[in-house]
Amino acid sequence: MKLGNLELENCFSLAPLVGITDTLFRSIAKRYGCGLVFSEMINSNGVLKGGVSYLKKLEITPEEEPVGIQLAGDNPKIMVQAAQMAEASGAKILNINMGCPSQKITKNKAGCALMTNPALVKEILQAVKNAISIPLSIKIRLGWDDKTMNYLEIAHIAESEGCVAVFMHARTRAQGFSGQARWPEIKKLKEYIKIPVIGNGDVTSHEKALLMMRETGCDGVMIGRGALGQPWIFRPFEPTLNEKKALMLEHLNKSIEKYGEELGIRLMRKHFAWYSQGLPHSSQFRKNIHTYTDPAAVRNYIEQFFKDLCSPNMTSVVSASTANVCY
Ligand SMILES: Cc1cc2nc3c(=O)[nH]c(=O)nc-3n(C[C@H](O)[C@H](O)[C@H](O)COP(=O)(O)O)c2cc1C
């Protein structure tokens, strides 16, 4: 897939996820076949003020390239400067958040609130486009609510202002994450604009990603929650149990290296819960892993959990395909 001058290996991308899509998770997704990974939404004002936590979010490592940076904001002048900083930090594509439903963001006219102000959307896109040389894209929802679904209008503005793609989560702001993503609206968008449309919402398996493409004709698929605990979703086959164990240990080690022992382990707890989903005794695993605070104890517990999974009396519980790899 090509987004402007950015040539991608495939049409799958990792969605921006606050608190999750850091350099570590993005590198893992990339290794498992994701064509384009995105940073979490970064507040433009925070970037400009030089807050350390914001600047850290701009960091990009070589293993995850190409990386898109997503900015949130409502002030064109501030967004221009933040966009330039994102480009300088190595982003290969910029994305503007027009979909965040959180009141903390929308009360400042940013996130999905931008969709209610097409004139401001135009102003921001024009200003940012003129200030950067990397491709510009937007991520939208269907609209604020069912009565004001204006994704076609906003996408048209993006196309006219030189954006290279529209990423669309097929729910309204009012829907939050409830109900089903409305894939037929992705099809409508694809038929309405000429620039690539990347569909997003409720893709929980590789097969479902292909289904979304077939049903909507979209050019690419962005996956968020479906990648949690299964970052291999971007390729058509699952890793073995041994690979899953190795991945959990590697992710843990890198998390400790990046964030220090205490925070590194704490941040991994949600990932451990996701990684273990669907495995036998996963609820026990989740309960126990939370009690360990020492890196060696966490590692040992993971080793033991997988060893038990591969014990002869467990192999009948673990599905045949994954059990084979224990030996
Ligand atoms: C924990 C979490 C954090 C999110 N953070 C962002 C974000 O920073 N920027 C954004 O555009 N969307 C964000 N989203 C929305 C996702 O990118 C995506 O649009 C949504 O989850 C629907 O896709 P999915 O069904 O594949 O998860 C977030 C969603 C979740 C669940």
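This is a predicted model: local features need pLDDT of at least 70, side-chain atom pairs count only at pLDDT 80 or more; totals for chains, interfaces and linings use all residues.

Colleague: What makes the chain as compact as a globular protein of its length?

Modeller: The secondary structure comes to 14 helices and ten strands (DSSP runs, H or I of at least four residues for helices and E of at least two for strands, numbered from the N terminus). The radius of gyration is 20 Å, close to the 20 Å that the globule rule gives for 327 residues, so the chain is as compact as a globular protein of that length. The radius is taken over C-alpha atoms, and the rule is 2.2 Å times the number of residues to the power 0.38.

Colleague: Which residues of helix H13 are called buried, and what does the word require?

Modeller: They are Val298, Ile302, Phe305, Phe306 and Leu309. A residue is buried if 20 or more other C-beta atoms, placed from the backbone, lie within 10 Å of its own, exposed if 12 or fewer, and partly exposed in between.

Colleague: How do you know that the buried residues of H13 line one face?

Modeller: Seen down the axis of H13, they fall within an arc of 90°, so they line one face of the helix; the arc is that of the directions from the helix axis to the C-beta atoms. The face turned away from the buried side carries the exposed residues Ala296, Asn300, Gln304 and Lys307.

Colleague: Which residues are closest to the ligand, and how many surround it?

Modeller: The ligand is surrounded by 21 residues, the closest being Ala15, Pro16, Met41, Gly224 and Arg225; a residue is near if its C-beta atom, placed from the backbone, lies within 6 Å.

Colleague: Why is lysine 109 called partly exposed?

Modeller: Lysine 109 has 14 other C-beta atoms within 10 Å, and is therefore partly exposed. This residue has a positive phi of about 70° although it is not a glycine. Most residues other than glycine have a negative phi, and most peptide bonds are trans.

Colleague: Which residues does the cis peptide bond join?

Modeller: The cis bond joins glutamate 65 and proline 66, with omega about -5°. Proline 66 is found in the loop between helix H3 and strand S5.

Technical notes: Residues are numbered from 1 along each chain as its sequence is written.
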